[in-house]
Amino acid sequence: MVLLVQRLSRSLKPSFKLENHHHHHHHHHGQEVFSASLHAFEDEISKGLLQLSLQSKPSSEILTLPWIRQCLQLLPTTKKAFAKLVADIDYPISSWELASVEGYLADSLRLLELLNSITSCLSHLAQARMAISHALSLMEDSPAAAMERLKAIRSFDFNKNHKHGEENEDNGQERYCSGKDWIIHQALAMIKSVVFSLCGVVAVSLCGDVQACLEIRKAAGEFGNFSLISSDLKVCEEIIKSGSMLREVRDVNEGVGQLIVAIGSGQSSNAEKELQRRVEVLGKLLEGVGEEVDQLFSEVLMGRNDLLNSL
């Protein structure tokens, strides 16, 4: 992840060369100011990524629900930074060129789809957790019935439930002729890369599905430089290598295994209490992440509506 941030800052530098193309045919007095604002915006996002990387533990311990929440909390940060950039260069959406507006709408729609697939993964985990809770409630009266129902949480088949939209990226930089529009274009490209990669990592971590990893890696790769996020976090590699799931899910699954063994030997009360505790921890954390995702979803939706109303 630290590598990512270094590469991010490297990969951002060339973008300023592009900007000079505009100088000879469309020189803007404010161009220096715009560049400074764009730099500030990029620094803000890099800072957020750096913080996330400093909190990241080795990849085997990284896959936890609190860590997923930290990934999601970076999204409002990027939104704030972007709002500040738009204000700094004094370029409200209502003055944007059509291409930028369309890009913004298309990206926000894809983000809503990604957030939806994250919600599907969360509800899959919540249902599996409920099933284990139900089995535990049967322990007192009928350990045999409980044992029949005690099932480990399986990974979620992401692809059956999620299709990636077709990409039609266009790199026709020439179209962005005004200095301000060019700045917006650069900023949106960066947001898109960071946000989609982060959401991708979150979706993959939640569903623990190897196939999904490969899909997401491919999807993130379509955005140029920033497929780095998923590979730098090594989350995909970790899942592919070990079939690894979230730590809290692994804890519950381990508890299920231990309880089944304990029931067999007639010594189940400790294993039962422990599993109960783990199931509760998982439930609380899932709820927290779920609220975070719902909040993001409604914010993206509100942003879209505001834009559509202003047009």
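How many Å² does the accessible surface of the protein chain come to, and what share of it belongs to carbon and sulfur atoms? The accessible surface comes to about 15,300 Å², and 55% of it belongs to carbon and sulfur atoms; areas follow the Shrake-Rupley method with a 1.4 Å probe, and for residues only the protein chains shown count as cover. This is a predicted model, in which local features need pLDDT of at least 70 and side-chain atom pairs count only at pLDDT 80 or more, while totals for chains, interfaces and linings use all residues. Residues are numbered from 1 along each chain as its sequence is written, and side-chain values use heavy atoms, without hydrogens and water.

**View 1. The protein chain has 13 helices and zero strands.** Helices (H or I, at least four residues) and strands (E, at least two) are DSSP runs, numbered from the N terminus. Of the 311 residues, 48% are buried (buried is under 20% relative accessible area, exposed over 50%, partly exposed in between, with a 1.4 Å probe and protein chains only). Among contacts (heavy atoms within 4.5 Å) between residues at least 6 apart in sequence, 82% join residues at least 24 apart.

**View 2. Helix α5 covers residues 65-88.** Its 24 residues reach 36 Å from first C-alpha to last, close to the expected 34 Å (1.5 Å times one less than the number of residues). Buried residues of α5 include Leu65, Trp67, Ile68, Cys71 and Leu72. Further along α5, Phe82, Leu85 and Val86 are among those buried.

**View 3. Asp90 lies in the loop between α5 and α6.** Asp90 is not a glycine, yet has a positive phi of about 50 degrees. Most residues other than glycine have a negative phi. Asp90 counts as exposed because its relative accessibility is 55%.

**View 4. Helix α8 is mostly covered.** Of its 29 residues, 27 are buried. The end C-alpha atoms of α8 are 42 Å apart, which agrees with the 42 Å that its 29 residues should span.

View 5. Of its 25 lining residues, Lys79, Phe82, Tyr104, Ile191 and Val300 are the closest to its centre. Helices α5, α6 (98-137), α8 (179-207) and α13 (269-310) each supply at least two lining residues. The lining has 16 nonpolar, three polar and six charged residues (nonpolar: Ala, Val, Leu, Ile, Met, Phe, Trp, Tyr, Cys and Pro; charged: Asp, Glu, Lys and Arg; polar: the others, Gly among them). On a 1 Å grid over the protein atoms alone, a pocket is an open set of points where a 1.4 Å probe fits, with protein on both sides within 12 Å along at least five of seven lines; lining residues have an atom within 4 Å of a point.

**View 6. Ser155 is found in the loop between α7 (143-149) and α8.** Leaving aside neighbours within four places in sequence, Ser155 is in contact with His124, Cys207, Gly208, Asp209 and Met245. Ser155 is partly exposed, with a relative accessible area of 34%.
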